[in-house]
Amino acid sequence: MNAADKSRSSETQEAAPRVIAWESTRACNFACVHCRAEAQREPDPKQLTTQEALNLVDQIAELCKPIFIISGGDPLQRKDIFEIASYASSLGLRVVMSPSGSNLTAGTFGKMKTAGVKMISLSLDGSSPEIHDNFRQVPGAFNLAMKNMSMARKSGFAFRVNTTVTQHNLNDLFNIQKVAAEMGAREWDVFMLVPTGRGKVKMEITLDQYEDTIQSIYKASLTSPIPIKMTCAPQYTRVIAERQKETHQPHTGGRGCMAGNGFCFISHVGEVFGCGFLPISAGDIRQQKFKQIYQQSSLFVQLRNHQLLKGKCGGCEYKALCGGCRARALSIHKDYLEEEPYCIYKPKNFKHQ
């Protein structure tokens with residue numbers, strides 16, 4: 001075993017996620033046009049039971065103390081969700097929640113506080129009812145989002161605003177940012193669409209629009225009244241690195257694609273994925289221990305090895321930092337190690353074959 005292999009072996013043995021998203025249920029009152037989960041009205045009878053969910057939390061806590069995102073569907077559709085959240089909090093996990101917002105009340109915020117939930121994410125995909133409601137496929141969704149943000153603020157409960165970028169709201173992004181800041185959001189998280197579930201390729205912005213968007217988001221972040229984060233946009237780390245290099249600052253942008261490499265997604269039935277948009281299972285917690293899946297599954301071991309990246313990503317000087325979106329590569333190229341299809345950057349030392 002050479003030095004590089006020894007190093008990767010050691011990293012595999014010590015690998016632990018910093019963030020875990022658990023799809024607690026697929027039940028949801030909304031039917032958003034971009035939905036990864038293709039959420040449904042009723043819960044799947046095969047979803048993890050209360051005891052299975054508590055056992056999962058035990059296994060996670062034995063390995064690490066990550067940010068634990070309880071998502072869905074709508075997690076509030078589970079009657080046991082506060083019991084599970086409270087248990088996770090008691091074991092040292094930093095619990096955050098991503099409700100759909102369809103049934104939030106002042107009482108709900110009180111229950112979340114008691115359960116140790118630190119923050120919630122609320123979606124806003126348009127700065128007006130016309131844009132947001134069309135996207136959410138629910139009349140009145142925009143007004144409901146405003147109501148929920150107001151309730152969160154009055155309850156002293158931290159929330160961040162999530163926005164998914166598609167053709168429908170590309171020209172509305174900074175109006176959304178303004179609304180989020182005015183409503184008291186702690187952070188604005190901008191998601192670049194990955195074409196899975198209901199999110200189709202035709203909803204994607206173009207390559208040039210993609211690059212323009214991440215460049216403009218970076219520029220806006222320098223003066224934004226609230227922090228801006230980008231998700232499913234690993235190229236954003238390259239933009240940050242380029243700009244910080246120009247001003248001789250040390251890189252502070254973190255890593256790009258974290259699928260299986262600092263992050264994982266656990267489905268409502270217990271399957272473990274690199275992320276929620278990469279539909280290749282690394283294992284099943286009903287059959288294997290979580291630690292074994294995360295550290296030893298061949299999928300995750302490959303995702304953590306940027307030397308395996310192909311095409312332009314494999315020859316890019318930013319591959320260890322950015323990594324390219326593995327889910328988008330799978331969606332477009334049918335190979336999660338192939339080059340990122342939504343990147344116009346030309347690596348300095350790479351020549352197309």
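## Exercises on helix packing, cavities and backbone geometry

In this predicted model, helix α8 (residues 207–221) packs against α9 with their axes 10 Å apart and at an angle of about 55°.

**Exercise 1.** Classify the packing of α8 and α9 by angle, then state which residues make the contact and how they divide by class.

*Solution.* The handedness comes next, and the crossing of α8 and α9 is right-handed. On the α8 side, the contact is made by Y210, E211, I214, Q215, I217, Y218 and S221, while α9 contributes Q235, Y236, R238, V239, I240, E242, R243 and Q244. Sorted by class, the residues of this contact of α8 with α9 comprise seven nonpolar, four polar and four charged.

**Exercise 2.** Describe how α7 passes α8, and work out which residue classes are found in their contact.

*Solution.* The axes of helix α7 (residues 173–183) and α8 cross at roughly 30° and come within 12 Å. The crossing of α7 with α8 is right-handed. From α7, the residues in contact are L173, F174 and Q177, and they meet T213, S216, I217 and A220 of α8. The class division for the contact of α7 with α8 is four nonpolar and three polar, with no charged residues. I217 of α8 is listed in the contact with α7 and is also listed in the contact with α9.

**Exercise 3.** Determine how α5 and α6 are oriented to each other, and list the residues that join them.

*Solution.* Helix α5 (residues 129–136) and helix α6 (residues 141–154) have axes that come within 7 Å and cross at roughly 105°. Because angles of 65 to 115 degrees count as roughly perpendicular, that description applies to α5 and α6. The contact is made by P129, H132, D133 and R136 of α5, together with A141, F142, N143 and A145 of α6. By class, the contact of α5 with α6 has four nonpolar, two polar and two charged residues.

**Exercise 4.** How many cavities of 30 Å³ or more does a search of the whole structure find, and what lines the largest cavity?

*Solution.* The search of the whole structure finds three cavities of 30 Å³ or more, and the largest cavity holds about 140 Å³ of space. It is lined by 14 residues, of which C313, C316, C322, C343 and Y345 are the closest to its centre. At least two lining residues each come from α9 (235–246) and α12 (311–314). The lining of the largest cavity is made up of seven nonpolar, three polar and four charged residues.

**Exercise 5.** Which peptide bond is cis, and where does C232, with its positive phi, lie?

*Solution.* The peptide bond from G72 to G73 is cis, its omega being near 20°, and G73 belongs to the loop between β2 (67–71) and α3 (81–90). For C232, phi is near 60°, a positive value in a residue other than glycine, and C232 is placed in the loop between β7 (228–231) and α9.

Conventions:
Residues are numbered from 1 along each chain as its sequence is written. This is a predicted model: local features need pLDDT of at least 70, side-chain atom pairs count only at pLDDT 80 or more; totals for chains, interfaces and linings use all residues. Side-chain values use heavy atoms; hydrogens and water are left out. On a 1 Å grid over the protein atoms alone, a cavity is a set of points where a 1.4 Å probe fits but cannot get out, and a pocket is an open set with protein on both sides within 12 Å along at least five of seven lines; lining residues have an atom within 4 Å of a point. Grid points are joined across faces, edges and corners, and a volume is the space filled by probe spheres set on the points. Helices (H or I, at least four residues) and strands (E, at least two) are DSSP runs, numbered from the N terminus. Ala, Val, Leu, Ile, Met, Phe, Trp, Tyr, Cys and Pro count as nonpolar, Asp, Glu, Lys and Arg as charged, and the others, Gly among them, as polar. Axes are lines fitted to C-alpha atoms, for helices over the stretch in contact, and angles run from 0 to 180 degrees between N-to-C directions. Angles under 35 degrees count as roughly parallel, over 145 as roughly antiparallel, 65 to 115 as roughly perpendicular and the rest as oblique. A crossing is left-handed if the near helix is turned anticlockwise from the far one by less than a right angle, and right-handed if clockwise. Contact means heavy atoms within 4.5 Å.
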